[in-house]
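Colleague: I am new to this one and would like to go through it in questions and answers. Please show me the sequence and the structure before we start.

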Amino acid sequence: MTGDAWITVVVLVLAFGLLAWDRLSPSAVVLTAAVTLLVTDVITSRQALSGFANPAPITVAALYVLARAAEKTALLTPMTARLLGEGRTARDLARLLVPVAAASALLNNTPLVAMLTPDIVSLSQRRELPASRFLMPLSFAAILGGTITVLGTSTNLVVSGLLEDSGVAPLGLFEVTPIALPAAVLGVALIIVLARRLVPLRSTVQEQAAESVREFVVTMVVLPGGQYDGRRLGESDLIGRRNVFLVQLARGDQVFSPVVDLDLVMQEGDRLTFVGEVRQIVGLYRLVGLRSTAQDHLDVVAEPGHGLHLAVVGRDSPLAGHTLSDVNFLTRYQAAVLAIHRDGQRMTLDPRDVRFRPGDALLVLASDQFRDNWSEGRDFLLVADLDGDSPHMSRRAGFVAAITVVMVGVAALGILSILEAALLAAGALVATRTLTSNEVRDAIDFDVIILIAASFALGAAMETTGLAEGVARGIVGMFNPLGDAGVVFGLLLAVSLLTELITNNAAVVVVFPIAMSVATNGGLDNRAVAVALAVAASSSFLTPIGYQTNTIVYGPGGYRFTDYLRLGIPVKIVTLALVTAAVVLL
């Protein structure tokens, strides 16, 4: 291998090691790997940035917008609820996966998964089920279903085009079906059987945020002449309250912690620190005789029509790294912060002295419009009323459905590419005010977009250095002694592994000429091998970056990078074995 190829190997090994470590953002890891390959002159600046000009990340971004519109209007919620059932048995999983796989055969699977994902997350949260149980199987089933016809996935179209460029007829609509259908049927069946055992149960970002706000710390001051001034702790209603605990009493320089002496007599000015679940700790603010240390802030906004909300500071929030006074919180949000929770720490400091970090959960007193005003912005990752969310319904579901049908139709008929159709659909949703510009911005997971775009640089390095072709030929050579079945399996394994690294379409382009040469020399049917290559190239089950549907469910499912291996390895092996058998037998 050349020096550039060795550099590429080292960078890829380090990158995938960091991704498996799961301590850093995947997009940051892959982007850093791309920059490393650029500065070491393995790839050019054009190759390093090629992913940002590629249709794939832009298409996914546009589909995120469409999915947000479907979620906002509850377009697919009734259907998804029926398909998901109670979601607790393998039968319920089958009710979801079989129709999705069937629909993916005739509809492009990427927008289908994009639109179903938000509803599955919402329904799972409502039923107290982990969305991760359904989203990875959903993606895998859609991938398998998409291989059944030429229309299901872009990879089939790429192979059809490569055949046409080589001087033979392109693939017919159902020409791939005899080879792909058995693999899809048995693959989906395997997913249904194994998913409950092998798919890890993860929390979504929203669930993690909700879990992190269960417990808050607040400090109250005993008022002079109030019902607690001069009263024993054991005689008061401050002890024994459900899910609220008095953990500290401070009197000047004297601190009682833990508070175990129930004969201790409270005095005016005593600072009482409580820890408790948010809904229970709210009751402390209604007690006569105690005053919050943040009362001066409360007085500004405490008016009729105001209530309590939970707000979690977002990663890109202007609050991150600043205090309440730095951002002029009262004026900016017309709200007061009563308490702050930080995972792993009890924030006993006065809220005014805390410098916010991403993920901090705030107990906020504000008007009833606070959630509507700020839930779609980047300031807060999550905004929820303490009384819970109400279903978000809209009369525009029919319009969103029409936009979706037109988008899929013009793409399926080849009138427009899926990129052009998706961008026009997203533009129509904004132009008709179905979505606001803020909703569009916040609908797009830019970490995912960067992850997809940066991964193209890794693929370019593998192609430029000859590493991809070398890997493909090496794998085929390993299986060559096993005869025709070994050769075909080696080809399919090569293209499916490259798919995980350089995307499915790029993998097909690299392996196609090798496959045609091997098929001709071995007396195999070129078209059957080409079809098998298309199916294998779409069979991305090992990483979240190999196929767009895997990437779409990555964040909402709360998955780790290596989670895909657990279910993906058996599904990939069975799929490749069945496709190999179909080629050899047919």
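Colleague: In which helix is A581 found?

Modeller: Keep in mind that this is a predicted model. A581 belongs to the helix that covers residues 563–585. That helix is α26.

Colleague: Is A581 buried, partly exposed or exposed?

Modeller: The relative accessibility of A581 is 33%. Buried would need a value under 20%, and exposed one over 50%. A581 therefore counts as partly exposed.

Colleague: How far apart in space are A581 and V488?

Modeller: In sequence, 93 residues separate A581 and V488. From C-alpha to C-alpha, their separation in space is 9.0 Å.

Colleague: How do α23 and α24 run relative to each other?

Modeller: Helix α23 takes in residues 504–522 and helix α24 residues 526–538. Their axes come within 10 Å and cross at roughly 155 degrees. Angles over 145 degrees count as roughly antiparallel. So α23 is, relative to α24, roughly antiparallel.

Colleague: How many residues of the contact of α23 with α24 are nonpolar, polar and charged?

Modeller: On the α23 side the contact is made by N504, V508, V511, F512, A515, M516, A519 and T520. On the α24 side it is made by N526, V529, A530, L533 and A537. The division is 10 nonpolar, three polar and no charged.

Colleague: At what angle do α21 and α23 pack?

Modeller: Helix α21 covers residues 467–479. The crossing of α21 and α23 is right-handed, and their axes are 9 Å apart. The angle is about 35 degrees.

Colleague: How many residues of the contact of α21 with α23 are charged?

Modeller: A468, E469, A472, R473 and V476 of α21 meet V510, V511, I514 and V518 of α23. Seven residues of this contact are nonpolar and no residue is polar. The number of charged residues is two.

Colleague: How many salt bridges does a search of the whole structure find?

Modeller: Side chains of opposite charge can pair when their charged atoms come close. A search of the whole structure gives a total of 10.

Colleague: How many residues apart in sequence are the parts that R232 and D263 tie together?

Modeller: The side chains of R232 and D263 meet in a salt bridge, 2.4 Å from N to O. R232 lies in the loop between β1 and β2, and D263 in the loop between β3 and β4. The pair therefore ties together parts whose separation in sequence, in residues, is 31.

Colleague: Which strand holds R251, the salt-bridge partner of D270?

Modeller: D270 and R251 meet at 2.8 Å, N to O, and both are buried. D270 lies in the loop between β3 and β4, so the pair ties together parts 19 residues apart in sequence. R251 lies in strand β2.

Colleague: Is R355, which meets D326 in a salt bridge, buried, partly exposed or exposed?

Modeller: The N to O distance between R355 and D326 is 3.4 Å. D326, at 44% relative accessibility, counts as partly exposed. R355 has a relative accessible area of 47%, between the limits of 20% and 50%, so R355 is partly exposed.

Key: Residues are numbered from 1 along each chain as its sequence is written. This is a predicted model: local features need pLDDT of at least 70, side-chain atom pairs count only at pLDDT 80 or more; totals for chains, interfaces and linings use all residues. Side-chain values use heavy atoms; hydrogens and water are left out. Axes are lines fitted to C-alpha atoms, for helices over the stretch in contact, and angles run from 0 to 180 degrees between N-to-C directions. Helices (H or I, at least four residues) and strands (E, at least two) are DSSP runs, numbered from the N terminus. Angles under 35 degrees count as roughly parallel, over 145 as roughly antiparallel, 65 to 115 as roughly perpendicular and the rest as oblique. Contact means heavy atoms within 4.5 Å. Ala, Val, Leu, Ile, Met, Phe, Trp, Tyr, Cys and Pro count as nonpolar, Asp, Glu, Lys and Arg as charged, and the others, Gly among them, as polar. A salt bridge is a side-chain nitrogen of Lys or Arg within 4 Å of a carboxyl oxygen of Asp or Glu. Buried means under 20% relative accessible area, exposed over 50%, partly exposed in between (1.4 Å probe, protein chains only). A crossing is left-handed if the near helix is turned anticlockwise from the far one by less than a right angle, and right-handed if clockwise.
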